[in-house]
Amino acid sequence: MKKVYGILSALFLLVLLTVGIYSIFHLNADAAKPEVTFGSFFDGTYASGQRAWYAAAFPQSETLKGMNKTLNGFYKFSGLSGENDVQLLINMDGQAAQHGASLQTPDSTTQNPPPDSSTGGDATEPTETTAAESVEPSDGLQPGMIVENLGAALLIGNRAVEVAYADYDSIDDYAAAVTSIATALGSNVNTYSILVPNAAEFYTPEDYHSGECSQSGMISYAYGKMGQNVKTVDAYSKLAAHLDDYVYFRTDHHWTQLGAYYAYTAYCDKAGLKAEPLSAFETGQYDSFVGSMYQFLSNYPQAAILRDNPDTLKYYRPHVDLETTVYSDATMTNGYLLGTICHVDSDVSNKYLCFLGGDHPITVIKTDVDGPVCMLIKESYGNAFAPWLTSHYSKVIVVDPREFNGDGKPTLDIAGFAREQNVKDCIILNYPMMISSDLYIGQLSRVVK
Amino acid sequence: MEFSNLYFLYLFLPLTIAVYFLIPGIKRKNIVLIVASLLFYTMGQPYYLPLLLLTAYGNYWLGDRIYNKDKRTVILPVALNIAVLALFKYLDFFLGIFGVAAADGSGALGLPLPIGISFYTFQMIAYHVDAYKGKHDPAPSFLNFLLYVSMFPKMLMGPIVRYNDVKAQLEERRSSPRAVFEGGVRFCVGLAKKVLIADYAYLAFSELENQSFGAAAWLSALMFMFYIYFEFSGVTDMAIGLGRIFGFRYAENFDLPYTSKSVTDFWRRWHITLGSFFRDYVYIPLGGNRKGKARQILNLFIVWALTGLWHGANWNYLIWGLYFFVLLAAEKQLMPKLEKLPYAARLLITMFFVLIGWVIFSHESLPDLGSRLAMMFGKGSFWGAQVGVILRNSLPLIAVCLIGSSVLPRWFSLIWGGILVRGRKESQLTVTQVLYAVSLFLFAILLLYLCTVSLTGAASKPSLYASF
């Protein structure tokens, strides 16, 4: 038997060696290799980066990842549940919400309209646009990869939603941050807070939108905690009244532009503006939009139902003449032109990036409207909302607080900036995953100097 | 570096094994292992390599002097080792207790914990005490001692190996084909326990920790209980398997702890080498049970407080250790009554207390621990639809964990081996023996394949015990 053991041992070693040698010659060249520096070598990050790179560049990794889904599916038993029952509940950690995503242009003068756009809208003619979709967690869920405990991803029927869990201490901080922005802007600026529910509030069984998951409760609580200098907008009721419309995507964590429209009408009611009718806008659409919720759950075979039932993204083009410029900081130099409604290449799955080209530090939409200046402080929910404002303002300045006042990020003093830009109305728009996110609240708070 | 990543599996490990077996002579093989071990360590915390070499050389040098001159000075190297451990692991904790370091970390040294320090420090303490007691001579050379301390299979997460147990193997050993084969199979089993069970159990645990329902709290405690067993015993299996490949025999660290019929029994089966370390180097030197009942209780108190603190510099670990002190003391009194209960009842009672122990262990924040325990014992809602979904989603995992931690795999292995190879000598070559070996080989390759699938594109969760 010694010989048999010897042969099997040699075979075992041979398997390891063969795979190892084969892997060296067939590594995926697209995987980013870590760069060695003295610091990264000394603190061990180079070595850990090497291991991560090797795992990402491992030959046949796409095939193996596909098989991994089967394994994950085995461990996430959906049971014999019906078509509209909850299939999966996965820790969400706010990943889809907390990472900005954007289209990036190779030079500063390019812009593409949607394929079926015609007249009106942005003035500049586009040429070419590339995409960067940092929202996609390409490696899927990894054990222990906890960013921030915000809620869960729920797969229910052919829809996936983010279920928010209330953290009332954090919501107190959020309300204080909004109030401090209003205070910093002063009484010459009207500060509005728009908190919008997401799809979990309306398309889930009772337990996922009641108690600590009740978004109406979270929104009421947050509004109740805000100062008198903040004007709160009841977007919830407007959305709740139009649930038969296509107001939320099924495969993405965002609302549709139609959902944003109903929030816009609520804002107009509060601000004393006359909302434009939907019929005033030209429309177009992207078919086969498979969004962030699928990307997040793609490591589980149950999520195939999302891939197989994609969303349709319908956009409404502003009917005023406008020019949209993106800036990397508050000095607003070296901007580049982009669209309010952008072209998204067919190979880019995240079609939601068509709104403002995704998340940028500052986006300025200049219109030919004779009106005041509006500043919208937002995360990505605001991207589908901003185009509606163009009918009322000469300038809409869209600010993403996640892109300022952090390590290696530009500084922004929101009060000084608003004064310079002669801002009259300031809207702070967020959805429930953000108002319990200490990370986001910290970023929002820091714009007040 | 962890064992559970593709880089280790397909580059580092096969290269090390190949070079090891190609190079002739035990001294050269030892050098191969030392180089591999230092490289292994460098790939985790390169900045602490000088600390490892310095402490290893210091201990070697002191050991050499102590044995030759004054055995009473054994207290010096033991104290120095404890001082090093205290500096890196406990100083900030005590600075916090005495108000020097604030809760936000200001005033604390904030030194990263050197990986494996709790294991290799204890090995060096055991080395000196055993040398002092005359159980073995000092290491004949620094390289010999360095290999004992730094040997990569067991350096990061044990088992805690005593010099006396491996000194002969450090100088002369043979890796028989059967040992290499069995070592490889054992390694794959350990890898599967870590990658295919523990990592998933941890994921379920972290998902359940977000749920504020009593049932979720119980379920999350159960998932942590499984996670820590499969994690730690998996890494130990890998260490023992790798040791076997290179001709070493390391002590077993686990013996089906979740089949224990008492808390005392549990601690005979859980982290066996740590328990025996505290028994031999703390409890017995303090007098054990030889100096009266009161002194015995004090000794047990010290041992369990230290056992708790060994796992981490935090109050919850101390509470966890003392929780077992109280349980063991109570069990001693109640044992005659407990022994009359059927096995199933004793098992359930034991697992209940072990599970509560893991709740204490897994919550470093005492307010969080308090609210979690309150949730488990009736505060707030017990059940929600979310819990139902997670429970249903987790059923296969729970089944795998229950079967995997039971006696069934061992029975199956014994029965399978019994059918095919019982009564046959290794020198014989029979079809059933070949069938048995081939079946094990294929099983190991299947596990390796599944682990590769699971590890592609991602890193396994770092092992918890590596931070002890």
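**Figure 1. Ser288(A) sits in strand E8 of chain A, which covers residues 282-289.** The model shown here and in every view below is predicted. Phi of Ser288(A) is near 55°. That is a positive value in a residue other than glycine. Ser288(A) counts as exposed, because 12 C-beta neighbours lie inside 10 Å and the class takes residues with 12 or fewer.

**Figure 2. Leu256(B) also has a positive phi, near 45°.** Leu256(B), too, is a residue other than glycine. Its place is the loop between H10 and helix H11 (263-269) of chain B. Leu256(B) is partly exposed, with 15 other C-beta atoms within 10 Å.

**Figure 3. Strand E12 of chain A (residues 362-367) is mostly covered.** Five of the six residues of E12(A) are buried. Strand E10 of chain A (residues 322-327) pairs with E12(A) in the antiparallel sense. Six bridges make up the pairing of E10(A) and E12(A). Within this part of the view, Ile362(A) of E12(A) stands opposite Tyr327(A). E12(A) is also joined to strand E14 of chain A (residues 395-399). E12(A) and E14(A) run antiparallel, with five bridges between them. Val364(A) has Ile397(A) in E14(A) as its bridge partner.

**Figure 4. Thr18(A) is a residue of helix H1 of chain A.** Thr18(A) is exposed, with 12 other C-beta atoms within 10 Å. Val396(A) lies 378 residues from Thr18(A) along the chain. The C-alpha atoms of Thr18(A) and Val396(A) are separated by 60 Å.

**Figure 5. Chain A and chain B meet in a contact that takes 55 residues from chain A and 58 residues from chain B.** On the chain A side, the elements giving two or more residues are H1, helix H2 (38-42), H3, helix H4 (61-75) and strand E1 (86-91). H1(A) gives the largest share of that side, 14 residues. By class, the chain A side has 34 nonpolar, 13 polar and eight charged residues.

**Figure 6. Chain B has 19 helices and zero strands.** Its C-alpha atoms fill a box of roughly 65 × 60 × 50 Å along the principal axes. A compact globule of 468 residues would have a radius of gyration near 23 Å. Chain B has 23 Å, which agrees. Buried residues make up 47% of the 468 residues in chain B. Take the contacts in chain B between residues at least 6 apart in sequence: 74% join residues at least 24 apart.

**Figure 7. Helix H1 of chain B (residues 6-22) has a kink of about 30° at Phe12(B).** The kink lies shortly before the proline Pro14(B). At 1.5 Å a residue, the 17 residues of H1(B) should span 24 Å. The end C-alpha atoms of H1(B) are 23 Å apart, which agrees. The buried residues of H1(B) include Leu6(B), Tyr7(B), Phe8(B), Leu9(B), Thr16(B) and Ile17(B). Phe12(B) and Pro14(B) are also among them. From chain A, helix H1 (2-25) and helix H3 (45-57) pack against the buried residues of H1(B). From chain B, the packing partners are helix H2 (26-42), helix H10 (214-245) and helix H19 (431-455).

**Figure 8. Helix H19 of chain B has 25 residues and reaches 36 Å from its first C-alpha to its last.** That span is close to the 36 Å expected at 1.5 Å a residue. Buried residues of H19(B) include Tyr436(B), Ala437(B), Leu440(B), Phe441(B), Ala444(B), Leu447(B), Leu448(B) and Cys451(B). Residues three or four places apart in an α-helix point the same way, because there are 3.6 residues a turn. Thr452(B), Val453(B), Ser454(B) and Leu455(B) are also among the buried residues of H19(B). From chain A, H1, H3 and H4 pack against the buried residues of H19(B).

**Figure 9. Helix H18 of chain B (residues 408-421) lies largely in the open.** Of its 14 residues, the number buried is zero. At 1.5 Å a residue, H18(B) should span 20 Å. Its end C-alpha atoms are 19 Å apart, which agrees.

Notes
Residues numbered from 1 in each chain as written. Chains lettered and ligands numbered in written order. Predicted model: local features only at pLDDT ≥ 70, side-chain atom pairs only at ≥ 80, totals over all residues. Helix = DSSP H or I, 4+ residues; strand = E, 2+ residues; numbered from the N terminus. Expected span 1.5 Å × (residues − 1). Buried ≥ 20, exposed ≤ 12 C-beta atoms within 10 Å, placed from the backbone. Bend = angle between axes of the 7 residues up to and from the residue. Contact = placed C-beta atoms within 7 Å. Rg over C-alpha atoms; globule rule 2.2 N^0.38 Å. Nonpolar A, V, L, I, M, F, W, Y, C, P; charged D, E, K, R; others polar. Pairing = 2+ DSSP bridges.
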